[in-house]
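Hi,

Here is the structure I said I would pass on.

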Amino acid sequence: MSIQNIERRRFDALIIGAGGGGLRAALQLAEAEASVAVVSKVFPTRSHTVAAQGGMNAALANVLPDNWHWHMFDTVKGSDYLGDQDAIEYMCRAAPKVVYEMEHFGVPFSRLDNGKIYQRPFGGQSQNFGGDQAARTCAAADRTGHAILHSLYQQNIRAKTNFFDEYFAVDLLKDEAGNVLGAFVFNIHTGEELIIEAKTTLLATGGAGQLYRTTTNAMINTGDGMAMALRAGLPLQDMEFFQFHPTGIAGRGMLITEGARGEGGYLVNVKGERLMERYAPKAKDLASRDVVSRAIYTEVKEGRGCGPEQDHVMLKLDHLGTDVIQKRLPGIRQTCITFLGIDPAEHPIPVYPTAHYTMGGIPTDRFGRVVTPVKDTPEEVVNGLYAAGECACVSVHGANRLGGNSILDILVFGRAAANHIIDYLKDVRYHKPMDENSVDRAYERLHRWDRTGDGESVEQLRKDLKRTMEDNCGVFRTRDILENGVKEVHKLQERMKNARITDHSGLFNTARVEALELENLMDVALATVYSACARQESRGAHSRIDFPERNDIHWMKHTLFFRENCKLDFKPVRTKPLSVASFPPKARVY
Amino acid sequence: MPETASDSRLRWRCRRGMLELDLILQEFLDKGYDLLDAKQKQLLDVMLEYPDQLLFDLLLGNMISSDKDIAQFVTRIRNTLRT
Ligand SMILES: Cc1cc2nc3c(=O)[nH]c(=O)nc-3n(C[C@H](O)[C@H](O)[C@H](O)COP(=O)(O)OP(=O)(O)OC[C@H]3O[C@@H](n4cnc5c(N)ncnc54)[C@H](O)[C@@H]3O)c2cc1C
């Protein structure tokens, strides 16, 4: 279709992404009678939030004593003091309310005998600022994500949210002053393009686990929204912090939830030793994720790995007995039987760290507004643009996310962003005129894939990128390894210029979608490896062999990566909470 | 491996929210799809309308479908993984 004939539609708010973050925001907006469009490349209830089986954190104190301030302490400590304490306080205080809201929307949380919501212990949770283990994670059996997504989707249907299912967002649209005014999207079924003009746009496109070869993330997690922000001239923040989940099925990537260790499972090396006793004497197997991931890596590196290649450790659950496994961890048993042909009630499970969660993302404040440095101001608001969920960096997870805090994050900040949008809409009553050049650029980016002839294969480039990232930007990092990573990703980007697809049809052209996703992954990979190379310290998930210590004097700051010239910038961590005293950095011992 | 537009549509519908489903369904499409007759393709079509969690429970053996055809088809998919 020629660019002049592309249909245009107008909404108060455009939400790109229909996971928990996007749907929570959409519901808040639709209930406030804003006109809302939700664009999602997959059917909304197939968004990645569906995979979150473990649960969400809130200090309800239903099982053990708890309060939001302890939750806040754990989150700040878990973040290795890189989290912004104003946003963390806001999230932990809002958590109980958000859980009750979700219950009201129809999420069937598991119950205790007294009728209250059941809460399980997860890694990194403590009572009384670092004391005994807390139990803070609310779950709907092992299908929390499914329940949340389906409840929110139903509520949105009721509230008359406009869904654009199986539409792919290509790029953000702006005016010359830099105000964000919507997005250029196309219908995956028909190939038809559409310009969505919106007074406000919220990115809620999820994470970028597909950067890595071994990952827990589904194939849809390609960092699209992050790359859109980069192309719009905005930075990505703290991209060096990628969480590796300690217990992925070795060689395949699938997650064995922390719940398995919460229920009493533990890790052993080839000698049968409980390895976490050495690395985290107090919290042992429930120490936070980066600590457990590094412990496994170290055991393997030092020759205490299991299996013929000595390339993994074992997670033991057999001592729990078939009944407990069946009752509390019903999914894990079948996952092991299906993919490994072993029953964890009888045999330990081979596990190794797997790429799990993107802590970095599009910088926002605690109202979900996207912020970027302008001249001497580190955080200037980008008018009309919001971000929430895993694609955003608000930053509540800092250098390391705690299990159960992400579902909380997407719901709390999806909601907060919507509330801010509702206020913003009161002042902004009209659609601003678009800069048609931004439409042209998005159109060209899409139609570049119409080129015919021979060229590099998208599939091969994607494989090479994932391998490059795993080898050069994984659990353990050094300057040489990372510099090589920078070089290799640049080479891949060069090769990308010569990539071609063979399918040029309009109908269900998935080859084109995959090519666009790969372009997005390439940009996000550069942001990740550049930021990792720059940060000369070890903090949270970012672990440098050549700089093994955390360095609060030089590195208590957020990294910002810009696409133009691969420029880096930094901004201070917000250490001042909203109402309580700040938690000063301390050694992070579990 | 599927190739027509309706086949591409099917391939896209095999992109799910969970890695486990991606792995099982992609492997099945690559290895087993060409061997399916029209009725079996229809069964696959029906199953792809299921919510992810249900599909996950069926394909990972957490649950057995009360529909005999679906149950058999699930077994067929699971067996493909072991070949
Ligand atoms: C296996 C697994 C288990 C987890 N378990 C837990 C847990 O127990 N507790 C917890 O707190 N966290 C957990 N997490 C993390 C958590 O699930 C995610 O961080 C969270 O669900 C992300 O939600 P979201 O709304 O940001 O994005 P998602 O749910 O990933 O949704 C992204 C949306 O964006 C859309 N989209 C993306 N790109 C485009 C585009 N170009 N055009 C149009 N649409 C687009 C997608 O279609 C989708 O609708 C887990 C993660 C994994 C991988």
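First, the ground rules. This is a predicted model, so local features need pLDDT of at least 70 and side-chain atom pairs count only at pLDDT 80 or more, while totals for chains, interfaces and linings use all residues. Residues are numbered from 1 along each chain as its sequence is written, chains are lettered from A and ligands numbered from 1 in the order in which they are written, and side-chain values use heavy atoms, with hydrogens and water left out.

**Chain B**

Chain B has five helices and zero strands, giving the pattern α-α-α-α-α along the sequence. (Helices are DSSP runs of H or I with at least four residues, strands are runs of E with at least two, and both are numbered from the N terminus.) The radius of gyration of chain B is 12 Å, which agrees with the value near 12 Å for a compact globule of 83 residues; that radius is taken over C-alpha atoms, and the globule rule is 2.2 Å times the number of residues to the power 0.38. The C-alpha trace of chain B spans about 35 × 25 × 25 Å along its principal axes.

Of the 83 residues in chain B, 55% are buried. Here buried means under 20% relative accessible area, exposed means over 50%, and partly exposed is in between, with a 1.4 Å probe and protein chains only. If you take the contacts in chain B between residues at least 6 apart in sequence, 58% of them join residues at least 24 apart; a contact means heavy atoms within 4.5 Å.

As for its surface, chain B exposes about 3800 Å², with carbon and sulfur atoms supplying 53% of that. Those areas come from the Shrake-Rupley method with a 1.4 Å probe, and for residues only the protein chains shown count as cover. Chain B carries 12 positive and 14 negative side chains, and the centres of the two sets are 2 Å apart. Lys and Arg count as positive, Asp and Glu as negative, and His and the chain ends are not counted; each charge is placed at NZ of Lys, CZ of Arg, CG of Asp or CD of Glu.

**Salt bridges**

Over all chains the count is 60 salt bridges, each being a side-chain nitrogen of Lys or Arg within 4 Å of a carboxyl oxygen of Asp or Glu. One of them pairs A:R445 with A:D171, with the closest N and O atoms 3.1 Å apart. That pair links distant parts of the chain: A:R445 is in helix α12 (residues 436-447) and A:D171 in strand β7 (residues 167-174), 274 residues apart. Both A:R445 and A:D171 are buried.

A:E103 and A:R111 also form a salt bridge, where the closest N and O atoms are 2.3 Å apart. A:E103 counts as partly exposed because its relative accessibility is 27%, and A:R111 is partly exposed too, at 43%. Another salt bridge brings together the side chains of A:D318 and A:K316 (3.0 Å, N to O); A:D318 is partly exposed, with a relative accessible area of 23%. There is also a network, in which salt bridges with shared partners join A:D80, A:E240, A:R535, A:E537, A:R539, A:R550, A:D552 and A:R588.

**Backbone spots in chain A**

A cis peptide bond joins A:V394 and A:S395, with omega about -10°. A:S395 sits in the loop between β18 (392-393) and α11 (405-427).

Two non-glycine residues to check have positive phi. A:A61 has phi near 60°; it is in the loop between β3 (56-57) and α2 (68-78) and is partly exposed, at 32% relative accessible area. A:F508 has phi near 40°; it is in the loop between β20 (499-500) and α15 (510-534), and is buried, at 4%.

**Two more residues**

A:T200 is in strand β9 (residues 193-203) and counts as buried, at 0% relative accessibility. Leaving out residues up to four places away in sequence, A:T200 touches A:D12, A:A13, A:L14, A:G384, A:Y386, A:I421, A:Y424 and A:L425.

A:A51, in the loop between β2 (36-40) and β3 of chain A, is partly exposed, with a relative accessible area of 23%.

Cheers
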